[in-house]
Amino acid sequence: MSQQGYVATPPYSQSQPGIGLSPPHYGHYGDPSHAGSPPGMMKPAGPLGAAAPGGMLPQGPSPPGPQQFGQNGAHAQGHPPQRFPGPPPVNSVAPSYAPYSPSTQSSYPSPASTASVTQMASQLNAMHINSYGSGMAPPGQGPPGPPSAPLFQGLPRPPQPSIMQPGSQVLPPPPTALNGPGASPLPPSTHRQDGLPGPAPLNAQYQPPPLPGQTLGTGYSPQQAGSYGPQMAGGQLSYPGGFPGGPAQLAGPPQLQKKLDPDSIPSPIQVIENDRATRGGQVYATNSRGQVPPLVTTDCVIQDQGNASPRYIRCTTYCFPCTSDMAKQAQIPLAAVIKPFATIPSNETPLYLVNHGENGPVRCNRCKAYMCPFMQFIEGGRRYQCGFCNCVNDVPPFYFQHLDHIGRRLDHYEKPELSLGSYEYVATLDYCRKNKPPNPPAFIFMIDVSYSNIKNGLVKLICEELKTVLENLPKEEQEETSAIRVGFITYNKVLHFFNVKSNLAQPQMMVVTDVGEVFVPLLDGFLVNYQESQSVIHNLLDQIPEMFADSNENETVFAPVIQAGMEALKAADCPGKLFIFHSSLPTAEAPGKLKNRDDKKLINTDKEKILFQPQTNVYDSLAKDCVAHGCCVTLFLFPSQYVDVASLGLVPQLTGGTLYKYNNFQMHMDSQQFLNDLRNDIEKKIGFDAIMRIRTSTGFRATDFFGGIFMNNTTDVEMAAIDCDKAVTVEFKHDDKLAEDSGALIQCAVLYTTIGGQRRLRIHNLSLNCSSQLADLYKSCETDALINFFAKSAFKAVLHQPLKVIREILVNQTAHMLACYRKNCASPSAASQLILPDSMKVLPVYMNCLLKNCVLLSRPEISTDERAYQRQLVMTMGVADSQLFFYPQLLPIHTLDVKSTALPTAIRCSESRLSEEGIFLLANGLNMFLWLGVSSPPELIQGIFNVPSFAHINTDMTTLPEVGNPYSQTLRMIISIIQQKRPYSMKLTIVKQREQPEMVFRQFLVEDKGLYGGSSYVDFLCCVHKEICQLLN
Ligand SMILES: [Zn+2]
C-alpha cells in the first residue's frame, strides 16, 4: 500500500496508521472539479451571504398574530394553523435547546424512556451474538416471528419489550499463520459486561475465524490491502467470462469453506428489525439535542419539537468530538445528509410559512443566521443572543415580545421559528434577483426526433404521454391551475422551436440551423399556459411523429439543445426545467460534439478515472450557465450503445436535475417504467433557482459539499433546482474547540422560488451534542449516514484518483475507526477479538457493498456508461436511497401470508439464503428481480403467473399479470409498496434459477463473493479485523 501516495496526493489524502501515536493526517477528498469555477454567476449577491435587509425597520406593526403564518403552501391566511402541535403548558421548564417538555400525550412514550429502552435493547442485542441468525429461517420455512412490519402499524405504540439474554461470544484466536484452516471456533463463553458507566461502549464482540490457507496466500496483509478489490485474476480463472451455468457453480466460490458461521456475524437484517421492534410505529419527537433518530428503514411518526426531522437532515454522528484532535483520532466523518425538500407523509405536519411582510425574516446582524429555537432572548425580550456566533442583537421593534418567568417569549409556541426545527419564510424583494419578484418557472420539453427514435415509436410514445401528464403540472395547493408555462422543441442536427400560442389554429415551427450559436427565434408563443393553449399543443403533439416520419437523420446535437432551452428561459426571465429525451452520442458538428472514447483497456489502470470525467469542458461551462439562470436539466436517455453518460449526464447532475437511463429501450418491455418516471418527475415537489447556505455554531464549519450542486465560492451552494428526492451531503471540520454545554448547532437555509413563483426561505435547524469522550461519539453514530457520506466522497474522488487508492482508503478508514474504538472505548479483552461499536455493527458489511459497487470495482458485464450513471445517481441520494442501493432488500415470497398487509421480513443478501423451493423478490431502488427456484411450488406459480409450471413462465415481462387470487394481489401490492417511496421506477426482471440472467441477479447478493472480484462479507470482516490488529500493534 503506497502510504506515501496518500500524504502526497492532496485530493484524496489519507490517514496514517498508528492510532494514538501520531494523529493521523485527516482524510480530505478535496475536489478540484467544480469548486474552482470562474465567477460571474448571476445570483443575487445579498441575502444569504451578505447584509440582511433593512437595518432600519419600520416601527410597530402590530405583533404578529396567527395571520402571520399558515400552512405551507397557503399564503398567510387568517385561520390559525390546524396541525401545529398544541403548546405545552406554559409553566413547563425546559432548557433553551430543548424547549419542549416531554410530550404531554400520555400514549407517547417519553423520550427518556424510549431512549433507555432502545439503549437497553441494543445493549442486549449487541451481547446476544447468537441471535444474529434469527432473521434467516431455513428456506422453505416462514420467517421467524418478526415484529410485523411497522408500515402498517397503528400510531403510537409502546416499545416492545426485548427479551434477550446477555451474553457474548468469544471466538477463537486471531487469524495468524499458525491457525490452519482446520481450527474451529471455541464454544461461546458467556461473560457479561454489566455495570457499564454512562459513556462506556456497548459492544458486540466477534472474532473471525482462522483464515483458510488460500486466503492467507492471496493476501489480506496490509501491504496487499490494495489487492482487496481488484484481485480479479483468480476470480476470472474460476469463472471465465461467460455464465457458469449449473447449480454447482451457483453454490458459490468453490470450497473455500468459511470457518466463520455467517449467522454469527452482524446481520443488517437483524439490526433493521431490532430498530423496528423498538422504535417502529411510535412518535419520534425531536425535542432534545443530539438524539439519534430511528433508522431510515424504520417507520415512525416524526414530530418536530425544535429540531429538523430526520427526513430532512441525518448525521453521521449526533455527538461531535470537542476537539479536532479527537476527530482525527477517531476518523469518523462529521457530516450531515440534507434533503431540504424531503416528502413528508400525510400524517406529519407540513412546514409552516412565516410571513413578516416587508420586514422580512429576523436575522443575526453578524452571522446572518435566521431566527430559530437556538436564539436566546435576554433583557426582558429586548435583545437576543445568537446561538451560532454569540452576537447580542437588538430585537426589531415589530418582533418584540415579553418573556415569561423562565426567560422564554410569551409567543414561543405561536411562532414556528421559535419552537420548530423546520419552517419557511416568505422572502422579501431583497432576496429576489434584481429585487423583483420572480416569474413562475417554465417546463420545456425537448425531443430527439432522429431516425431511430421515430422508428422505434419513442417519439410517438412521448407525445401521447405528454398530452396526459401536462394535465398534472404541479401547482400551489391553493391555486386552481398551475402557474408553470410550457414550451416544445424537437431536434436532430438542427433545432425546431414551436409557436403554440393559444390564438393559433395550427402550431408554427421555426428551425434554427446555426447550432454553433443558438438563439431563440421566437419569444411570444413559445412558453405558454397549458390550459390556454391546450388545443394547439395537442395538435402539435399529434403532428410531431408525422412531421419527422420520413426523416433519415441519424446525427444529433446535444449541448446546443440545452443551450437553446436555457436561452429561452433567460429570455422569458424565469427559472425552469428542461425535459430532454435523447438517444445517441451527439456526433453532429456542434459545440459539445462527442466521440466514442469507451476504452476498456483503461480499466484497472491509473487512467480509469478518465472514463468518469467529461470528454470536453463544454458541458461543465454549460452547467455553470444553467445554474446561473435557474435552468434545471432532466435527461431521459435511451441508449442502444455507448453515449458517454459521463459527459451527457454532467449538466443534469450539476443542475439538480435527474438522469434516467433505459438501455436498449423496447416499447413493450420498458415503456411503463419510462412513463412512470416521466409522470413522477413532472409532478414531484421542486424548488427552483436555489441557494443553500449552511451556518454552524462556533468551533466548526462546513468544508465540503456533495450533491447536484454548483459552487462558485466556499459557502454558497447553488442549485438550479432541488426536488424532494435530492440530498446534499455536507462535511464539517473543526476550526476550534467545541463546548459540551453549548453543543454543535447547524442551520441550513435554502432560498428558492416555488412552482407558483414565490420567493421563499426554507430553514432547517439541528442541534447536536459535543463530548470529550470518544465513547459518546461512537454511541451516537449512524451507519446508514456514514455509508452515504463514504459513497459520495469516494465517488467524487473517482474523478481524480485511481480506484485502487480509493478502495484502500475506504478499507483503512474503516479499520481506523474501529481500531480507535477498540483502543479507547472497549472494555479490556484479548487483543485478538474483533469488537465493533453497537452503532457500527453493520459498517463492515455496508462498506464491503460500497467497495464492490461497479463504480469502484469494474465488472465485465457492466458498461462504462452504466458505471458513470450509477456514480452520478449516488451523488444526489438521500440516506434511505443509498441504504437500499448498497444493501438491497430481499424478501421471501413463497412464505407470504396473504392475509397480512405487512411486508415479509427481509433476509440477508446471500445465495445461501435462497432455496430451490423458494421465490424471492429483490429490490435496490433501480432494479427489481423476482427470482424463482427450480422447485417453486406450482400453486404459487399458478397464483402469480397463471401458468401451470415453472417451465411455462414467460420471463419476457416487466409487470406481473393481474391474476384474481390472493397470491397475485399480495405480491403486486408488495411490489407497489416497495416502489412507492422511491425516486426511480424499478424495472422488474423475472429470473429463473439456473438460467442465464441469473448472473445479473447474483451480483446483488452482496454478502457473497463477487463473480469478478469483491470479497464476501465474511472475508471482508476478516480483512478489516486484520487491519485493526495491525493498527493496534
Ligand atoms: Zn449570529
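Modeller: Helix 19 (residues 783-797) and helix 22 (residues 864-875) have axes that come within 9 Å and cross at roughly 135 degrees. Helices (H or I, at least four residues) and strands (E, at least two) are DSSP runs numbered from the N terminus. Axes are lines fitted to C-alpha atoms, for helices over the stretch in contact, with angles from 0 to 180 degrees between N-to-C directions. This is a predicted model: local features need pLDDT of at least 70, side-chain atom pairs count only at pLDDT 80 or more, and totals for chains, interfaces and linings use all residues. Residues are numbered from 1 along each chain as its sequence is written, and side-chain values use heavy atoms, with hydrogens and water left out.

Biologist: How are helix 19 and helix 22 oriented to each other?

Modeller: Angles under 35 degrees count as roughly parallel, over 145 as roughly antiparallel, 65 to 115 as roughly perpendicular and the rest as oblique. Helix 19 and helix 22 are therefore oblique to each other.

Biologist: Which residues make the contact?

Modeller: Contact means heavy atoms within 4.5 Å. Helix 19 contributes Ala791, Lys792, Phe795 and Lys796, and helix 22 contributes Gln870, Arg871, Val874 and Met875.

Biologist: At what angle do helix 24 and helix 25 pack?

Modeller: Helix 24 (residues 938-945) and helix 25 (residues 966-980) pack at about 65 degrees, with axes 7 Å apart. Helix 24 is thus roughly perpendicular to helix 25. In this pair, Glu939, Leu940, Gly943 and Ile944 of helix 24 meet Tyr967, Ser968 and Leu971 of helix 25.
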